[in-house]
Amino acid sequence: MYSLDPDIFAQRRADLIDRIGEESVAIFTASPHQTRSKDTRFPYRPSSDILYLTGFREPETVVVLAPGHEDGDFFMFVRPRDEDAERWDGRRPGPEGACDDWGADQAWPVDDVDDKLPELLAGRDTLYYTLGNDSEFDARVTRWLNELRHRRGKPPAAPEKLVDARDIIHEMRLRKRPAELELMREAADVSAQAHELAMKYCRPGIREYELQAIIEYHFQRHGSEFPAYPSIVGSGDNATILHYNENRDTIEPDDLILIDAGCELEFYAGDITRCFPASGEFSPAQRDVYQSVLEIQKAALDEAEPGMNLDELQSNCERRTTRALIDLGLLEGSVDELVEEEAFKQYFPHKIGHWLGIDVHDVGPYRHTDGSWRSFEAGMALTVEPGIYIPESDESAPAELRGIGVRIEDDIVFTSQGHENLTDHCPKSIDAIEDIVGTEDIDSVLPVQ
Ligand SMILES: [Mn+2]
């Protein structure tokens, strides 16, 4: 169960209920449990919107918020208690637990959804529900609406308007409150410490997956159940693959290593990228690329404050990156023309950052509905992660730069005045990194048997 105070979930539901109003009803469904192979499954990752509203984490769950209903406003359909199933697959709270421990006003076994849920829709004007996630459930919703429309002897009872439920809840999730920020700070701290450990225990000859194991061991020691996303440990040319996660190679003495890893703590994500040389000393070429990215990141952090928007941050980063690429001998021409042609995309193909929260690429629109970019506001959490990647195969690049990939990523939260950098203490300057890499010996801690 969440360590977040149950009142926080109650407050979120109350907020959502306020926003949708008494004429409406909202349905949220859990994502399905995915098969990993044959009859085994991936560990279940609860659906973020349901986590946000309830903290409840089981598959097959349906949450209904029906403001002003005579029996309450928070209803759940959950997996029923089942002695045999629980003996095999684990304990279930069942409907009773959903009421007692998660605060549902009423809860039923999920198999009762066809009997009970249409009643919760009856008489409402607007249904908040997201079509397209689960075609089977979509068909059920359609059937219930039709049944309500054709009900005899009663006034038309089916909601006439269907609104995407994400619009409203994702807007809420975009602004983090103090209790969430505390968890995000903790997720950032644990993630930062894990990067530091990887730097300390790195040495030529170690495998990428060993560094991954050190990082993920640290995550779990601190109560994280999952990494927030598959950890990226790329040495040498592997660092130029943006979402590399084979992590099987042996680290060579001359490699620069890129690690992009963050823990998920109480379902809040950390997301940090750091790069460091396996030998403990940057080569001149690695140093040049690294220092360029570091300065680009510093400039972005210096200007990231409320009132700015992601498009401005991105454009400025593209311009600075273009200038750096010219200085490094990777592009030729004028900054204006190269920016216009988007020539930087060959070496910086991604965005400067993304929202961060319960999902690592968190929800919430970056633009207003009219297409204009929305300004950053206090409580919004963003990653800032410029990069330059020069694949080994790039014959147009100076030979000494090929096979170097650098990304530097911090997690920030906007405050009324500027921002708080949650991951600033993770070693980042060339001196700080060179001081720490290779200072510990993993074999003395965990000898290979
Ligand atoms: Mn990221």
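How are α5 and α6 oriented to each other?

1. Basis. This is a predicted model, in which local features need pLDDT of at least 70 and side-chain atom pairs count only at pLDDT 80 or more, while totals for chains, interfaces and linings use all residues. Residue numbers start from 1 along each chain as its sequence is written.

2. The α5/α6 pair. Helix α5 covers residues 113-121 and helix α6 residues 135-149; they pack at about 60 degrees, with 10 Å between their axes. Helices (H or I, at least four residues) and strands (E, at least two) are DSSP runs, numbered from the N terminus. Axes are lines fitted to C-alpha atoms, for helices over the stretch in contact, and angles run from 0 to 180 degrees between N-to-C directions. α5 and α6 are therefore oblique to each other; under 35 degrees counts as roughly parallel, over 145 as roughly antiparallel, 65 to 115 as roughly perpendicular and the rest as oblique.

3. The α5/α6 contact. On α5 the contact residues are D114, L117, P118 and L121, and on α6 they are R140, W144, E147 and L148. Contact requires C-beta atoms, placed from the backbone, to lie within 7 Å. By class, the contact holds five nonpolar residues, no polar ones and three charged ones. Here Ala, Val, Leu, Ile, Met, Phe, Trp, Tyr, Cys and Pro count as nonpolar, Asp, Glu, Lys and Arg as charged, and the others, Gly among them, as polar.

4. Domains. The assignment gives domain 1 as 6-172 and domain 2 as 175-445; such bounds come from an automatic or database domain assignment. The C-alpha centres of the two domains are 37 Å apart.

5. Domain interface. Eight residues of domain 1 are in contact with seven of domain 2. On the domain 1 side, the elements giving two or more residues are α2 (48-54) and α7 (165-174). α2 gives the most to that side, with three residues. The domain 1 side divides into four nonpolar, two polar and two charged residues.

6. The β9-β12-β13 sheet. Three strands in the order β9-β12-β13 form an open sheet with antiparallel pairing, where two strands pair if DSSP finds at least two bridges between them. β9 (226-227) and β13 (268-269) are the edge strands, each pairing on one side only. β9 pairs with β12 (residues 263-265) over two bridges, and P227 has C263 of β12 as its bridge partner. Helix α8 (residues 178-201) packs on this sheet and touches β12 and β13; the directions of α8 and β12 make about 150 degrees.

Methods:
Two residues are in contact if their C-beta atoms, placed from the backbone, lie within 7 Å.
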